[in-house]
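Have a look at the model first, then work through the solutions.

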Amino acid sequence: MVDSTTARLLAICAWGVVLGSLAGAGQSQPGRGSEPAWQPLFDGKTLANWQSTKFTGEGPVKVENGQIILETGRNLTGITWTGPELPPTNYEIALQAMRVEGRDFFAGVTFPVADSFCSLILGGWGGTVVGLSSINGVDASENETSQSVEFEQGRWYNIRIRVTPAKIEAWLDERQIINQDLEGNKISTRIEVDPSRPLGVASWRTKSALRNLRLRRL
């Protein structure tokens, strides 16, 4: 026969098991709701799946200490993707970029947008202009995305670009800098950076360093 004290303890234990089961039922299962995985685009050692962009007067491109170095050219220096076909929409690309020397854009990132392409310019037109080139034929210095940012020499910046059927968005570190609707707008690149397509990163008369280039499908 079970005394009253033992009975109460058994009841408390049983209720604890029920509560634990309910709590477990409410928890997310492993992998449920997780974000898509990032796929690296740079192995940190070689230019595999990339090539030095064939501009006129480009500087040397090399891999050094886990970074892609874009040396100063007469005008543009850059890298262009030569690997597997990229998604035209519903994706994000990200990288870290640094202005090492110079006073113009250290990261002009060209990327697919549906059946066209666009470039995010960071630090152009004398060192501070940020924006998309081009929107309705107007470049980053003059369209509605144009803004001014003071960039520090020798500092790594985190860059993330998201393309969906509705818009182009971009973040600099954790701050959103671009939120451009696509409907009713013509998206294009300036002719100078056409060799960067379908995906490329370029600098203008500036030495830059790049690392941690990656992509994920949404």
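**Exercise 1: the pocket**

Task: sort the lining of the largest pocket by residue class.

Step 1. The residues lining the largest pocket split into six nonpolar, two polar and three charged (nonpolar: Ala, Val, Leu, Ile, Met, Phe, Trp, Tyr, Cys and Pro; charged: Asp, Glu, Lys and Arg; polar: the others, Gly among them).

Step 2. Before going on, note that this is a predicted model: local features need pLDDT of at least 70 and side-chain atom pairs pLDDT 80 or more, while totals for chains, interfaces and linings use all residues. Numbering starts from 1 along each chain as its sequence is written, and side-chain values use heavy atoms, with hydrogens and water left out.

Step 3. Now for the names: the lining consists of Leu76, Asp104, Phe105, Ile121, Gly124, Trp125, Ser133, Arg190, Glu192, Val193 and Trp204. On a 1 Å grid over the protein atoms alone, a pocket is an open set of points with protein on both sides within 12 Å along at least five of seven lines, a cavity is a set where a 1.4 Å probe fits but cannot get out, and lining residues have an atom within 4 Å of a point.

Step 4. The largest pocket holds about 190 Å³ of space, where volume is the space filled by probe spheres set on points joined across faces, edges and corners.

**Exercise 2: the cavity**

Task: find which strand gives the most to the lining of the largest cavity.

Step 1. There is one cavity of 30 Å³ or more, and the largest has a volume of about 50 Å³.

Step 2. Its lining divides into nine nonpolar residues, no polar ones and one charged; Trp50, Val109 and Arg214 are among them.

Step 3. Strand 6 (91–101) and strand 15 (207–217) each supply at least two lining residues (strands are DSSP runs of E, at least two residues, numbered from the N terminus).

**Exercise 3: a loop residue**

Task: is Glu71 buried or exposed?

Step 1. Glu71 sits in the loop between strand 4 (67–70) and strand 5 (76–81).

Step 2. Its relative accessible area is 17%, so Glu71 is buried (under 20%, with exposed over 50% and partly exposed in between, 1.4 Å probe, protein chains only).

Definitions and conventions. Helix = DSSP H or I, 4+ residues; strand = E, 2+ residues; numbered from the N terminus.
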